[in-house]
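I wrote each entry after the look-up it describes.

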Amino acid sequence: MRIELRPLTESDVQAHNDGEDAETVRWLTGAPGTPDSTARHIAMLAENAVRGQGQQGFGVWLEDRLAGYVDYNPAVDDGLEPGEVNITYATHPWARGRGVAVAAVQLLCDRMAEHAEGSHAAIRVDPENHASVRVAEKAGFTLAREVESTTDVRPDGTLATLLVWLRDLAEV
Ligand SMILES: CC(C)(COP(=O)(O)OP(=O)(O)OC[C@H]1O[C@@H](n2cnc3c(N)ncnc32)[C@H](O)[C@@H]1OP(=O)(O)O)[C@@H](O)C(=O)NCCC(=O)NCCS
């Protein structure tokens with residue numbers, strides 16, 4: 001299985017949005033992407049890549065087909081300690097259950113270590129998001145703490161409880 005991280009470009013907008021389902025919206029984005037919002041997001045990532053600062057996001061390609069998304073964002077501090085850098089991930093529904101997310105998280109951690117982005121990669125996950133908890137375990141993260149989020153809400157509007165999983169970037 002050949003998995004690669006590459007920068008997203010405008011030509012990926014449609015495939016990126018087609019890969020978003022109710023699970024992705026529920027656990028990650030909060031609202032479906034539109035052609036405009038996704039194009040803006042990709043342009044923002046391209047600027048950040050040039051500056052070498054801020055949120056760094058990548059498409060995940062499985063055998064040359066766009067199959068997901070990963071990013072890290074040093075600006076996220078909800079539930080995190082200094083040096084802990086938040087990462088997020090999503091796999092398109094057709095590609096799930098094949099180890100894509102675990103492999104993509106490993107590649108992202110390699111990049112973070114290479115660019116000295118913090119001491120730890122951090123996954124903040126709702127305990128009910130069993131697939132994502134499994135990704136954290138399989139990608140070598142350790143459960144560090146449980147926090148009440150100050151920003152993430154459940155569908156009923158109450159503040160979410162999040163598990164914080166960490167991986168030491170000195171050991172990737
Ligand atoms: C979480 C997500 C990224 C996993 O992607 P994936 O490419 O299928 O992940 P992997 O194949 O690398 O690993 C998935 C693991 O979770 C397990 N899993 C999948 N669905 C599960 C479920 N409902 N309950 C328990 N485990 C589940 C798989 O069996 C696999 O573990 P295994 O290899 O031990 O069998 C994907 O489900 C997704 O995009 N969800 C929506 C977005 C999201 O939740 N992002 C994370 C926010 S913190």
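I looked up the contacts of aspartate 152 (contact means heavy atoms within 4.5 Å) and, leaving aside its neighbours within four places in sequence, I found Asp78, Arg124, Thr158, Leu159, Ala160 and Leu162. I note that this is a predicted model, in which local features need pLDDT of at least 70 and side-chain atom pairs count only at pLDDT 80 or more, while totals for chains, interfaces and linings use all residues. Residues are numbered from 1 along each chain as its sequence is written, and side-chain values use heavy atoms, with hydrogens and water left out.

Aspartate 152 is found in strand 6 (helices, H or I with at least four residues, and strands, E with at least two, are DSSP runs numbered from the N terminus). Aspartate 152 counts as partly exposed because its relative accessibility is 30% (buried means under 20% relative accessible area, exposed over 50%, partly exposed in between, with a 1.4 Å probe and protein chains only). I also found a polar contact of 2.9 Å between the side chains of aspartate 152 and threonine 151 (a pair of N or O atoms within 3.5 Å; within protein, one must be able to donate a hydrogen and the other to accept it, and residues adjacent in sequence count only if both atoms are side-chain atoms).

Next I followed the strand itself: strand 6 (residues 142-153) runs antiparallel to strand 7 (residues 159-168), and seven bridges join them (two strands pair if DSSP finds at least two bridges between them). Valine 153 stands opposite leucine 159, and five residues lie between the two strands of this hairpin, where glycine 157 in the turn has a positive phi of about 95 degrees.

I then turned to the ligand, whose shell holds 21 residues, with Tyr89, Gly97, Gly99, Asn129 and Lys138 coming nearest (a residue is near if one of its heavy atoms lies within 4 Å). An oxygen atom of the ligand is 3.3 Å from an N or O atom in the side chain of arginine 96, and I found ligand oxygen also at 3.2 Å from a polar backbone atom of arginine 98. Helix 5 gives the most to the shell, with six residues.

Last, I looked up alanine 101, which is found in helix 4 and counts as buried because its relative accessibility is 13%. Leaving aside neighbours within four places in sequence, alanine 101 is in contact with Tyr89, Thr91 and Val135.
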